[in-house]
Amino acid sequence: MKPGRLYGVGVGPGDPELVTIKASRVIGAADVVAYPLARRRPSIARSIAAGYISPAAIEVPMTYPVTTEETDHPGGYAAALGDFYDACAAELAGHLDAGRSVAVLCEGDPFFYGSFMYLHDRLSGAYPTEVIPGVTSPCAAAAATGTPLARRDDVLTILPGTLPTDELASRLRASDAAVVLKLGRTLPSVREAIGRAGRTAGSLVVERASGERERWDRLEDVDREVPYMSLVLVPSRRPAGRESTTPGSLTVVGLGPGGRGWLTPEARAALSEADVLVGYKPYLDRIPRRRGQRREESGNGAELERAREALDLATGGARVAVVSSGDPGIFAMAAAVLEVAEEGRHEATDVVVLAGLSAMQAAAASVGAPLGHDFCVISLSDRLKPAGVIERRLEAAGEGDLVVALYNPASRTRRAMLARAREILLTHRGPETVVVVARAVGSADESVSVTTLGSIVLDEIDMRTLVIVGSSQTRVLRRGDRPPQVYTPRHYPVPE
């Protein structure tokens with residue numbers, strides 16, 4: 001007897017009208033219709049195809065032995081499913097050997113994370129087999145939300161939400177656009193990964209796309225459990241409506257250290273004209289929102305990822321403004337953007353850097369003119385350079401009798417270098433050397449004090465603090481009841 005033919009039939013994401021004409025014809029003509037289902041739940045695939053199944057068809061429910069619950073199978077979850085597919089294949093082989101045609105229903109597309117692929121592995125070598133493609137859930141979700149999956153030469157990445165959080169975040173950072181499948185219990189870790197990648201804004205959670213209970217919301221608004229048959233659309237970085245092959249523009253903007261009064265007119269114009277603002281969230285929060293302007297937020301320490309995202313957007317046609325606190329060229333985003341630009345993938349995109357008032361300048365002005373003569377600027381952070389390099393530069397600054405502005409002096413976990421800096425500088429100048437401690441200049445939390453190198457209280461200094469250590473010539477000017485002012489004379493004594 002001639003064996004029957006095996007069909008893997010994609011029935012689409014939920015709407016019975018999205019079942020293709022070919023799929024409906026194959027289902028209606030099949031002698032046997034098989035479909036997967038979970039225990040104590042109706043089969044979604046069968047419910048989609050119910051109107052196409054012949055009353056004369058033999059139905060074969062294939063009930064999963066395990067989904068997310070525990071299994072007592074000695075080989076664990078994978079072995080339990082392996083035995084299940086072996087048993088299903090054997091049952092279907094009996095029908096095929098009897099000459100019956102068998103249609104295995106599969107939600108979405110049979111070869112797109114579909115269960116049919118495991119039966120295909122077991123049966124296609126022995127029986128004539130045909131796969132009928134179906135509409136996938138990402139396509140249905142994109143249509144439901146009006147969100148294009150990818151634009152022009154975007155690379156679309158499909159990711160399972162079951163990936164480890166770190167890996168998922170890494171892949172999302174590298175993706176132009178993405179779809180994250182298999183939610184349910186994975187939603188909290190998926191949300192965290194999307195946040196780490198700086199892709200929360202614009203991301204949408206879509207449940208049961210195209211089905212009767214379809215629902216979608218912004219990711220940041222979803223605080224409920226969602227079904228496994230849900231996904232997150234992480235849209236293209238390329239803004240809508242900018243399809244020209246001409247690259248956009250990238251401007252690195254310095255916001256100044258605090259209030260909007262320190263923002264230059266040039267910087268204000270660049271922020272207003274940008275399609276997309278890219279930056280560290282606390283800095284973006286300082287900029288008034290504008291309708292139609294997109295924001296790509298990211299956390300501290302993600303400078304290169306932020307720069308790469310901004311250059312990708314600009315290369316794709318967007319007008320992008322990357323924001324920095326203070327001046328973008330001083331320990332900030334301008335260097336990170338140019339570092340990524342040197343990789344060579346964005347040669348057609350111009351990078352413009354707009355100067356901003358630096359924290360160092362604002363701190364100095366708040367007490368007078370401590371930078372009135374030669375000075376240097378040193379970051380005490382050893383995150384991007386060895387501690388030994390910092391120490392050698394402090395030694396050189398001390399020996400040269402330069403005024404020293406110290407950026408990134410200390411954090412909760414990094415305090416030793418600040419004490420070491422004080423120790424090194426004290427070997428070159430006296431304990432009475434003038435020191436300015438300026439914290440959160442320009443904000444409501446601003447505090448500025450004048451002390452000495454011998455009396456400075458190190459425990460009060462944090463990452464929002466800038467420290468200016470005077471030279472041997474720096475002076476404190478006291479006039480009546482006014483606050484003390486600090487200045488370093490423009491001239492320097494001739495060595496004896």
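This is a predicted model: local features need pLDDT of at least 70, side-chain atom pairs count only at pLDDT 80 or more; totals for chains, interfaces and linings use all residues.
Good morning, colleagues. I shall begin with helix H4, which spans residues 116-123. Phe116, Leu119 and Leu123 are buried in this helix. Viewed down the axis of H4, the buried residues fall within an arc of 60 degrees, so they line one face of the helix.

I turn next to two helix pairs. The crossing of H6 past H7 is right-handed. On the H6 side, the contact involves Thr165, Asp166, Leu168, Ala169, Leu172 and Arg173; on the H7 side, these residues meet Ser189, Val190, Glu192, Ala193, Ile194 and Arg196. Sorted by class, the contact of H6 with H7 has 6 nonpolar, 2 polar and 4 charged residues.

The second pair is helix H10, residues 303-315, and H11. Here the packing angle is about 65 degrees, with the axes 8 Å apart. H10 passes H11 in a right-handed crossing. From H10, the contact is made by Glu303, Leu304, Arg306, Ala307, Arg308 and Leu311, and from H11 by Met333, Ala336, Val337, Glu339, Val340 and Ala341. This contact of H10 with H11 has 8 nonpolar and 4 charged residues, and no polar ones.

Helix H11 also leads us to glutamate 342, in the loop between H11 (333-341) and strand S15 (351-354). Is glutamate 342 buried or exposed? Its relative accessible area is 69%, and because the cut-off for exposed is over 50%, glutamate 342 counts as exposed. The C-alpha atom of glutamate 342 is separated by 33 Å from that of isoleucine 468, and these two residues are 126 apart along the chain.

I close with backbone geometry in two further loops. Aspartate 401 is not a glycine, yet it has a positive phi of about 55 degrees. Aspartate 401 sits in the loop between helix H13 (387-399) and strand S18 (403-407), and its relative accessibility of 13% counts as buried. Alanine 440, likewise not a glycine, has a positive phi of about 50 degrees. Its loop runs between strand S19 (434-439) and strand S20 (447-452). With 7% relative accessibility, alanine 440 is buried. Thank you for your attention.

How values were computed. Residues are numbered from 1 along each chain as its sequence is written. Side-chain values use heavy atoms; hydrogens and water are left out. Buried means under 20% relative accessible area, exposed over 50%, partly exposed in between (1.4 Å probe, protein chains only). Helices (H or I, at least four residues) and strands (E, at least two) are DSSP runs, numbered from the N terminus. The arc is that of the directions from the helix axis to the C-beta atoms. A crossing is left-handed if the near helix is turned anticlockwise from the far one by less than a right angle, and right-handed if clockwise. Contact means heavy atoms within 4.5 Å. Ala, Val, Leu, Ile, Met, Phe, Trp, Tyr, Cys and Pro count as nonpolar, Asp, Glu, Lys and Arg as charged, and the others, Gly among them, as polar. Axes are lines fitted to C-alpha atoms, for helices over the stretch in contact, and angles run from 0 to 180 degrees between N-to-C directions.
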